[in-house]
Amino acid sequence: MKHLTISKLPAGDYISPGLKIILPDAYFPNMIVGDTQTCPWPYLRREIPHNWYVDGRASSVGFLSRDEAHILYNTALQFSGKTALEIGCWLGWSACHLALAGVALDVVDPLLEREDIRQSVIDSIQGALNASGVQTTVELIPGYSPQRVEEFANQFNRKWSLIFIDGEHGGDGPLNDAIVCEKFAEKDAIILFHHLAAPDVAKGLNYLKEKGWHTVIYQTMQIMGAAWRGNVEPVAHQPDPNIAWELPAHLQGYDVSGNSQKTSEISYKKMNINTPI
């Protein structure tokens, strides 16, 4: 799939400068810009004016924003040809961005037990991969994390270099996901989180920080975060300069990519792979 320029973005979208851009929208024919007022979730940041994409068949559940999807995609580009795990894929928007980066992707989600959802995910990812010419594998694994993640990892002696956690957003779900993911992460690994606007999701990132992982926050619509260890580094990100960003109280103390001297000093040596083409 050809990389595009920021000028090609739909109105209402933002992507940080320095990130390679892809638009697999054609393979998600039911994707529309949703109405944030229809979502009952209390942690949706409705004040952020970026497009909130949903599937028209279930319009109260959002996808990653365009900026968030590209943090995911550009992070995954560093791991092309290596193993990646996604916990929670919904209808495959995030999984598609991971697969297009060329990672060998394992996806764990209980909704994959539903034939309609599973087939929709397959159609979208296969269509995008066929159009792009990217050669990779995607394993769709029905089941609940962390139990299914541990079973699969033990069964196939699997470890992952890149992990994306976007499963349960409440209770101890995110913490338990982080615990199992650390167990099966490679020595050099990045673990990404979505929906850190929710305090319970931050428990997972907090756990990894306490275990000695490096961490950073991305100021996006729903707030993403990265934890990493070993010889890898997260992508650099510039928050939309047209927005007066605020950080929730439960994330105070974290470095924000593009928004602090300490984060700037990290420099992210791999930025050369993220220059638009």
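A residue is called buried when its relative accessible area is under 20%, exposed when that area is over 50%, and partly exposed in between, using a 1.4 Å probe and protein chains only. The model on display is predicted, and local features are reported at pLDDT of at least 70, side-chain atom pairs at pLDDT 80 or more, and totals for chains, interfaces and linings over all residues. Residues are numbered from 1 along each chain as its sequence is written, and side-chain values use heavy atoms, without hydrogens and water.

**Stop 1: an aromatic cluster**

Please select Tyr-53, which is buried with a relative accessible area of 5%. Rings of Phe, Tyr and Trp (for Trp, the six-membered ring) form a pair if their centres lie within 6.5 Å; planes under 30 degrees apart count as stacked, over 60 as edge-to-face, and the rest as tilted. By this rule the count is seven aromatic pairs.

Now select Phe-28 and Phe-63. Their ring centres are 6.4 Å apart and their planes stand at 70°, so this pair is edge-to-face. Phe-28 lies in the segment before strand S1 (31-33), while Phe-63 lies in the loop between strand S3 (58-62) and helix H1 (66-77), so the pair ties together parts that are 35 residues apart in sequence. The names of helices (H or I, at least four residues) and strands (E, at least two) refer to DSSP runs numbered from the N terminus. Phe-28 is buried, with a relative accessible area of 6%, and Phe-63 is buried, with a relative accessible area of 6%.

Return to Tyr-53 and Trp-93. The ring centres of Tyr-53 and Trp-93 are 6.5 Å apart and the planes are at 40°, so the pair is tilted. Tyr-53 belongs to strand S2 (residues 53-55) and Trp-93 to helix H2 (residues 93-100), and the pair links these distant parts of the chain, 40 residues apart. Show the four residues together: Phe-28, Tyr-53, Phe-63 and Trp-93 form one aromatic cluster.

**Stop 2: the nonpolar cores**

A nonpolar core is a set of buried Ala, Val, Leu, Ile, Met, Phe, Trp, Tyr and Cys residues joined through side-chain atoms within 4.5 Å. In soluble globular proteins, nonpolar side chains tend to be buried together.

Which residues touch the most other members of the largest nonpolar core? Select Leu-98, Leu-162, Ile-190, Leu-192 and Tyr-218, which hold that position among its 47 residues. Elements that each supply at least two residues of this core include H1, H2, S5 and helix H3 (115-132). The largest share, six residues, comes from H2.

Contact here means heavy atoms within 4.5 Å. A second, separate core of 34 residues includes Ala-153, Phe-184, Ala-202 and Trp-213.

**Stop 3**

Select Ala-104, found in strand S5 (residues 104-108). Ala-104 is partly exposed, with a relative accessible area of 22%. Its C-alpha atom is separated by 6.2 Å from that of Gly-81, a residue 23 places apart from it along the chain. Apart from residues up to four places away in sequence, Ala-104 touches Lys-82, Thr-83, Ala-84, Thr-136 and Thr-137.

Next, display S5 beside S6. These strands pair in the parallel sense over four bridges; two strands pair if DSSP finds at least two bridges between them. Within this pairing, Val-107 stands opposite Leu-140 in S6.

**Stop 4**

Most residues other than glycine have a negative phi, and most peptide bonds are trans. Select Ser-145 and Pro-146: the peptide bond from Ser-145 to Pro-146 is cis, with omega near 10°. Pro-146 is found in the loop between strand S6 (138-141) and helix H4 (147-156).

Where does Trp-90 lie? Trp-90 is in the loop between strand S4 (83-87) and H2, and its phi is positive, near 50°. Finally, select His-195, which has a positive phi of about 70° although it is not a glycine. His-195 lies in the loop between S8 and helix H6 (199-210) and is buried, with a relative accessible area of 12%.
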